[in-house]
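Welcome! Take a moment to look over the sequence and the model below before reading on.

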Amino acid sequence: MNKIISKEHFSEKVFKLVVDAPLIAKSRKAGHFVIVRVGEKGERMPLTIAAADPVKGTITLVVQEVGLSSTRLCELNEGDYITDVVGPLGKATHIDNFGTVVCAGGGVGVAPMLPIVQALKAAGNRVITVLAGRTKELIILEKEMRESSDEVIIMTDDGSYGKKGLVTEGVEEVIKREKVDKCFAIGPAIMMKFVCLLTKKYEIPTEVSLNTIMVDGTGMCGACRITVGGKTKFVCVDGPEFDGHQVDFDEMLKRMGAFRDIEREEIHKLEHEASETCEAVKPADDRTAPWREELRKSMKPKERTAIPRVKMNELEPEYRSHSRKEEVNLGLNEEQALTEAKRCLDCANPSCMQGCPVGINIPAFVKNIERGEFLEAARVLKQTSALPAVCGRVCPQEKQCESKCIHLKMGHEAVAIGYLERFAADYERESGQISVPEIASKNGIKVAVVGSGPAGLSFAGDMAKLGYEVTVFEALHEIGGVLKYGIPEFRLPNKIVDVEIENLSKMGVLFVKDCIVGKTISVKDLEDEGYKGIFVASGAGLPNFMNIPGENSINIMSSNEYLTRVNLMDAASEDSDTPVTFGKRVAVIGGGNTAMDSVRTARRLGAERAMIIYRRSEAEMPARLEEVKHAKEEGVEFLTLHNPIEYIADEKGRVKQVVLQKMELGEPDASGRRSPVAIPGAVETIDIDMAIVSVGVSPNPIVPNSIPGLELGRKGTIAVNEDMQSSIPTIYAGGDIVRGGATVILAMGDGRRAAAAMDKQLRG
């Protein structure tokens, strides 16, 4: 949390807040912004940094009460704490000696303009600043601007101060009297649009700062996408400053109004509120242990293989399709777990372990369940897995450990390893007797982890067990990464993730939230603080889009944005400040697990028609079979062999239809899946009011681009060797930042491999 050091009232609804944020103050440059959140249910809100004092460790924010979130922030007073302040984010302003520069600031846009004016003046430019506001009271930071500008021109709509007129009139006055080499404009979007139309007429290069709607601010969600020069850009990582002559302002203005109606309703919340007053772990169980041999003799293999696989208890489909936070799968009871464990043949060479990326001793934990030692089964799991309750729920066991089960070769269903893993982890948690893995003596060596998703948590757990001092740095305000923002609670409840994280804390792992490595602090900062090894597990995060006509219409978002709003920010709850669209006819584009999570979430948020649109057939879908089954049971439609080619919007810019190209399967592609081919002339248009694009992600560039000399792969991933070591010997990486997109268990496997290799390196 960040303390408000001082608060100044500029005008009726504009405030200046000086906030304690030493790491941000140290790293901030002109043009950078922060993400601010007020309250545990607060929305993530972008604010540009108006000033910073590295000595005092403070940053200055100028805030205008506009919607619910900004009003909540402005209600805080000196001495109060802001829940989260994350940054600095975005790219710094490009400062050069341009010559004569006009800086046009409108309203609270004057605040982020101030550090730019100061930097331009320091670089030797002649700086002419035009300040604009509706009235005299809305002109802010005039004194500071005069100190850093060669000339200041003030324009007010009503003529109450300075000259009467719009900001464009003040800018044009300068252009007509002398040569202007560069223009910067920051303020309301409509103001920046007209400044750019003016400067384009005079062929003056113009930079604008765009502060559109954001959710995470690190490039993960895609909510802030805009069109610049005909290409989609993300304001938070590609900007926030762009060539104003290339920006599609009309599209941007429509997108900025996407949640206006919801905000209007939500602001009444404030009015309503104002009206009311370690236990040691036993050694791993060997197959030759007497109890194991006795179990094998207790039943003949034919008797074991004759037992049918148990069926997981589930919530009834009609009920669960309206319940957002109740878990669909209910787990096994003790009798079911005992029965299923008896199916395991306790093979001498267990092939199931070959399919497990983290190397869990599967027969040992399953046989412990068979003999009724459920807590011991959980201990065996935790020797190699930092997240057993998570893996038991979301890992694709049917493609990994269970796909290698000997039962399949005998014509039977595989042992339900995932069900049993979940049972053991849940039993331990519910018993209250949660064990902590054995920890080696502390060796005094500090290691850092960037990102708290499955790869980072797995690495952290293994290194803590080996005696290292481990600190995990997380960019968001919650620990868990994709486990929190990406996977809905009906599949993975947050309380499950929280228990796993708490267990890591008990092992000595430290967690630092709201800290972006590459922005808030650098890798060099970590090295200077004594960290001898760094594991980068920052995820992929940057959503892909299809770049088809109309894709930037209102109510078209990435699955990352949609799930982050609903899962991380709890936007669907009445007490959440974060808005979300409740579509009635929702199309989800894609066929992976994230697409299934999105479409099933849409059903739970009231979609009357929820559709999966996928360009291949169902047989090629990468989603888990269980997820497809659950989606169908919940009323989701599957439009396979269809591919969107255009979105059509209404007069307000909101999507109303999607045009689909019908496909057929051709020859297999490089992955072995048959490539979809368009059927000439086979096109159909369907009515929708919301689309969620789930066609993959790209690596988030913030961390890789901040490390000089780091070798990257072709698609911006971090290049590593078989030990997960990067081109810089002290830096290792794993998970989606290396793979570009993978399962939870594969990311965890990367973390374990990196931990083993880094330990070997650090110990010499």
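This is a predicted model: local features need pLDDT of at least 70, side-chain atom pairs count only at pLDDT 80 or more; totals for chains, interfaces and linings use all residues.

Residues are numbered from 1 along each chain as its sequence is written, and side-chain values use heavy atoms, with hydrogens and water left out.

Let's begin with the domains. The protein is divided into domain 1 (3-89), domain 2 (100-256), domain 3 (290-431), domain 4 (446-541 + 710-763) and domain 5 (548-697); these bounds come from an automatic or database domain assignment.

Now for domain 2 and domain 4. Their C-alpha centres lie 39 Å apart. Five residues from domain 2 and five residues from domain 4 make up the contact, meaning heavy atoms within 4.5 Å. The area buried between domain 2 and domain 4 is about 340 Å², and carbon and sulfur atoms give 76% of that. Buried area is the accessible area (1.4 Å probe) that two parts lose on being put together, summed over both.

How many salt bridges cross the interface of domain 2 and domain 4? The rule finds zero, where a salt bridge is a side-chain nitrogen of Lys or Arg within 4 Å of a carboxyl oxygen of Asp or Glu.

Finally, the cysteines. A disulfide is a covalent bond between the sulfur atoms of two cysteines. Here the count comes to zero disulfides, by a rule that asks for a pair of cysteine sulfur atoms within 2.5 Å. The sulfur of Cys-103 is 7.3 Å from the closest cysteine sulfur, in Cys-183, so the two are too far apart for a bond.
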